[in-house]
Amino acid sequence: MEREQIKAYEFGPFRLLPTERRLLRGTEVVQLTPKVFDTLLALVQNSGRLIMKDELMKMIWQDSFVEEGNLTQNIFILRKTLGESPHDHQYIVTIPGQGYRFVAEVQEIPRTRAERHPTESALEDGPTRSDERGVTSLAVLPFKPLNSESDNEYLGPGIADTLITRLSNIRRLKVRSTNSVLKYIDMQSDPLAAGRELGVDAVLDGKIQRAGERVRVTMQLIRVRDAVTLWAEKFDEKFTDIFDVQDSISEQVMRALALQLTTAEQKLLTKRYTESAEAFQLYIKGRHFWNKRTVEGLKRGMVYAQQAIDIDPTYTMAYIGMADSYNLLAGYAGLAPKETFPKAKAAALRAQEIDDTLAEAETSLGFVNYKYEWNWAEAEERFRRAITLKPDYPTGHHWYGEFLATQGRFRESIYELERAQQLDPLSLPINTDLGQSFFFAGQYDRAVEQSLKALEMDQTFVRAQIILGAAYEQKGMYTEAIATLEGARAVAGTNPLAMGGLGHAYALAGKREKALETLEELKKLSAERYVSAYNIAIIYTGLGDTERALRWLNKAFDNRDVWLVWLGVNPRFARLRRVARVTELLRRLGLAHLKN
């Protein structure tokens, strides 16, 4: 009988379901880690036959090299799970120096005449092809904590983030990013409503409870269109076994969706970046704060990433967390680029030294290349490689789209940003930066429309307010521009980008005193902390003071200011770009082709 036709194997009180990768004792689901399950399946499928150790190890680990002790440990766990006593081997017999034989009588249940077992998952219902199941997109919602232990606040979103990273490696499955799902962390959120809002076919919804060294995870995979549960499971393990739980969830979700994976995808699905539960917990705390996109959150994200690295110096994703924090601090916290970007690069390079297949590392390095080093060719090469490595990584398309806008390649920029938006439709930064590309392309009506869409998601998102105000200004709608930018200033306080834009709008609207007042505030602030000279130059440009605008632009060049990459495309500098010294500055930036 061909194995593809076997629905189940029965032996003693047990029922083994190969397709679902489940072991049942009566109606009870018996928990097994993926490799222990593989060991049992190999033994059962070859029942009565002696399987040599080398042969069995090749069946289980295939191309990987592992020590014989791993197999011995799996056999020990199986014997314990099946209830064998030390001297009574009714299921597995060891042939010393050779291998193992499964000796219990096994009954093969053909798929064509097997009756459905009452505790089998919904995978047996209906068609098994993924396209017939109608699931090509998925959202992993933040796991909701069931008790008040402080670490649970970070553990639920952190495990969801890890699963998102894993599942997004599957090219036939579109997985929403962590930023898109964080808003659904509330215990009262409806998973089906979240799935509809995110525009996905299915949601993976989980609850988590940690008590001391134990962790309980309850999962369900729900199809959004008809609320059908495709798979459900409960895990009750030691916290140190959390990686086995993640492996099992990832693999069982793929089986529930009936997706056939390539060898490379299968490896990525259960790829572990650390074996330290303590380092993992610190990392997910760091990502929790990083995702808040606040100055304090970015700084705390760095601290936890460093603590994770101290425990496991080979933890690549902790280095990526460090790099991403430093990359954003120059823009969010107003720190000097020379202080943050070299540290971001060092962290990303270290991650790449450990694993050169990380799209996240390439993306982080591309960001440094263009924002700080002005190495346009290398930046584009890295962004392209990142997208090749991980085509559905939203940040790769997002930052590449930003980069293309600095080069005046607006059609390509808008394409990449719209691709990022499709992958992560609720991302405020992506939606805002799409509006920004419309703005730099001179498509001011579309910039207004897109910025308003972003503000529908969060009316206090400052960067969207800044782009909206700038677009109104270029349309000559100065009253609307000033009102919008004053609103951004009210939310952001002493944000140099908001203040620079507001000062420029005041100047064009003929409110010279207001513009000068804002200018002096920025100068005073620059004596206390790093302030982008570029934003001071914007106000001088609005005031028509070419000499002072040039002086501050040159200062921005010396500081390697992050905003200077927009000099060649920002319409606020259109008149200034006709000045020979600005043309020379663009040449030094490597942007001479954007002088007009």
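This is a predicted model: local features need pLDDT of at least 70, side-chain atom pairs count only at pLDDT 80 or more; totals for chains, interfaces and linings use all residues.
1. Arg101 sits in an in-between position: with a relative accessibility of 28%, it counts as partly exposed.

2. Who are the neighbours of Arg101? Setting aside residues up to four places away in sequence, Arg101 touches Gly48, Arg49, Leu50, Tyr91, Ile92, Val93 and Ile95. As for distances, Asn46 is 55 residues away from Arg101 in sequence, yet the two C-alpha atoms are 8.1 Å apart in space.

3. Now the main core. The largest nonpolar core runs to 162 residues, and Leu204, Leu221 and Ile249 have the most contacts inside it. Helix α12, residues 316–332, gives the largest share of this core, with 10 residues. There is also a second, separate core of 29 residues, and Val30, Met57, Tyr91 and Tyr100 are among its members.

4. Beyond its neighbours within four places in sequence, Leu221 is in contact with Leu138, Ala202, Val203, Leu204, Val228, Thr229, Leu230, Trp231, Val253, Ala256 and Leu257. One of these, Leu204, is also named with Leu221 among the residues with the most contacts in the largest core.

5. Back to α12. Is this helix enclosed or open to the outside? Of its 17 residues, 15 are buried, so the helix is largely enclosed by the rest of the structure. From first C-alpha to last, α12 reaches 24 Å, close to the 24 Å expected at 1.5 Å a residue. After the helix comes Gly334, with a positive phi near 65°.

6. Ser248 is placed in helix α8, residues 242–256. Its relative accessible area is 6%, so Ser248 counts as buried, the limit being 20%. Once neighbours within four places in sequence are left out, Ser248 is in contact with Pro34 and Phe235.

7. Towards the other end of the numbering, Leu591 lies in the segment after α26 (580–589). Buried or exposed? Leu591 is buried, with a relative accessible area of 0%. Apart from neighbours within four places in sequence, Leu591 is in contact with Trp376, Thr406, Gln407, Val565 and Leu586. Val569 is 22 residues from Leu591 along the chain, and their C-alpha atoms are separated by 9.8 Å.

8. Some whole-chain numbers for context. The chain has 26 helices and 14 strands, and its C-alpha trace spans about 90 × 45 × 45 Å along the principal axes. Of its 596 residues, 57% count as buried. Among contacts with a separation of 6 or more, 62% come from residues 24 or more positions apart.

9. Last, surface and charge. The chain exposes about 25100 Å², with carbon and sulfur atoms supplying 49% of that area. The side chains include 79 positive and 80 negative ones, and the centres of the two sets lie 4 Å apart.

Note on methods: Residues are numbered from 1 along each chain as its sequence is written. Side-chain values use heavy atoms; hydrogens and water are left out. A nonpolar core is a set of buried Ala, Val, Leu, Ile, Met, Phe, Trp, Tyr and Cys residues joined through side-chain atoms within 4.5 Å. Buried means under 20% relative accessible area, exposed over 50%, partly exposed in between (1.4 Å probe, protein chains only). Helices (H or I, at least four residues) and strands (E, at least two) are DSSP runs, numbered from the N terminus. Contact means heavy atoms within 4.5 Å. Accessible areas come from the Shrake-Rupley method with a 1.4 Å probe; for residues, only the protein chains shown count as cover. Lys and Arg count as positive and Asp and Glu as negative; His and the chain ends are not counted. The place of a charge is taken as NZ of Lys, CZ of Arg, CG of Asp or CD of Glu. The expected span of a helix is 1.5 Å times one less than its number of residues.
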